[in-house]
Amino acid sequence: MRKASGTRPPAFHPAVILATWFWSGWLRPAPGTWGSLAAMPFVWWILEFHDAMRLGKAALLCFVIGCWASAVYGRLSRSHDSGEIVIDEVAGIWFTFAFIGYYTTVSVPVLVLGFLAFRLFDIVKPFPIRLADRRVPGGYGVMLDDLLAAIYAAAAVLGVIYLANNMGVTL
């Protein structure tokens, strides 16, 4: 569960830059949405010029770095999982589209659908996402709920694509 930051840490600390995804987490309102939006150009670029496997590797690297950066940010700001930390949304969006891109071509409608699905599951936090969000401590806990939201979002989008294709609609 996101809490307001107790103290704003130094802006140019490497962990702060990464945890806030180049300060996009400091934008208001809805810093998680801003962080997710800031991750989208990378999704498009990697899928356009590389492949879903490379996006998955980038997401995994982002996840590992995010565990460190969000733990450091938490210590510096004296809060756990501050809303300003958005590297978890970045990794989550990247995982979402790595999963989707592995199974299908990612078009603009799929980008929009995947973004909306990820935000929905990240905000609503159905079981076990809410459990992970509340019970897993540290930087790993900050990152884990977004990985789970990515799995839900990818499954939902792939389900919609499957249904659309069976009805003769191409997304």
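Predicted model: local features only at pLDDT ≥ 70, side-chain atom pairs only at ≥ 80, totals over all residues.
Local features were taken at pLDDT of at least 70 and side-chain atom pairs at pLDDT 80 or more, while totals for chains, interfaces and linings use all residues. Residues are numbered from 1 along each chain as its sequence is written, and side-chain values use heavy atoms, with hydrogens and water left out.

The largest nonpolar core contains 47 residues. A nonpolar core is taken here as a set of buried Ala, Val, Leu, Ile, Met, Phe, Trp, Tyr and Cys residues joined through side-chain atoms within 4.5 Å. Buried denotes under 20% relative accessible area, exposed over 50%, and partly exposed the range in between, for a 1.4 Å probe and protein chains only. The members that touch the most other members are V43, L55, I93, W94 and F97. Two or more residues are given to this core by each of α1 (14-19), α2 (31-49), α3 (52-77), α4 (87-103), α5 (108-124), α6 (129-135) and α7 (138-166). The most is given by α7, with 10 residues. Helices (H or I, at least four residues) and strands (E, at least two) are DSSP runs, numbered from the N terminus. With residues up to four places away in sequence not counted, L55 touches V43, I46, L47, W94, F97 and A98. Contact in this sense means heavy atoms within 4.5 Å.

Aromatic pairs number 12. The rule requires that ring centres of Phe, Tyr and Trp (its six-membered ring) lie within 6.5 Å; planes under 30 degrees apart count as stacked, over 60 as edge-to-face and the rest as tilted. One of the pairs is F63 with F95, edge-to-face at 6.4 Å centre to centre and 70 degrees between the planes. This pair links distant parts of the chain, with F63 in helix α3 and F95 in helix α4, 32 residues apart. F63 is buried, because its relative accessible area is 10%, and F95 also counts as buried, with a relative accessibility of 10%. Y102 and Y103 form another edge-to-face pair, with 5.1 Å between centres and 85 degrees between the planes. Both Y102 and Y103 are exposed. One aromatic cluster is made up of W21, F22, F42 and W94; W94 is also among the core residues that touch the most other members.

Helix α3 has 26 residues and reaches 35 Å from its first C-alpha to its last, close to the expected 38 Å. The expected span is 1.5 Å times one less than the number of residues. A kink of about 25 degrees in α3 is centred on G66, where the bend is the angle between axes fitted to the seven residues ending at a position and the seven starting there. Just after α3, R78 takes a positive phi of about 60 degrees.

In helix α7, G141 counts as buried because its relative accessibility is 1%. Its contacts, leaving out residues up to four places away in sequence, are A132 and V136. G141 and G114 are 27 residues apart in sequence, and their C-alpha atoms are 23 Å apart in space.

F22 counts as partly exposed at 45% relative accessibility, and W23 counts as partly exposed at 28%. S24 lies in the loop between α1 and α2 but counts as buried, because its relative accessibility is 8%. Leaving aside neighbours within four places in sequence, S24 is in contact with P31, W34, G35, A38 and V86.

Cis peptide bonds are found at two prolines. The bond joining R28 and P29 has omega of about -10 degrees, with P29 placed in the loop between α1 and α2. The bond from F127 to P128 has omega near 0 degrees, and P128 lies in the loop between α5 and α6.
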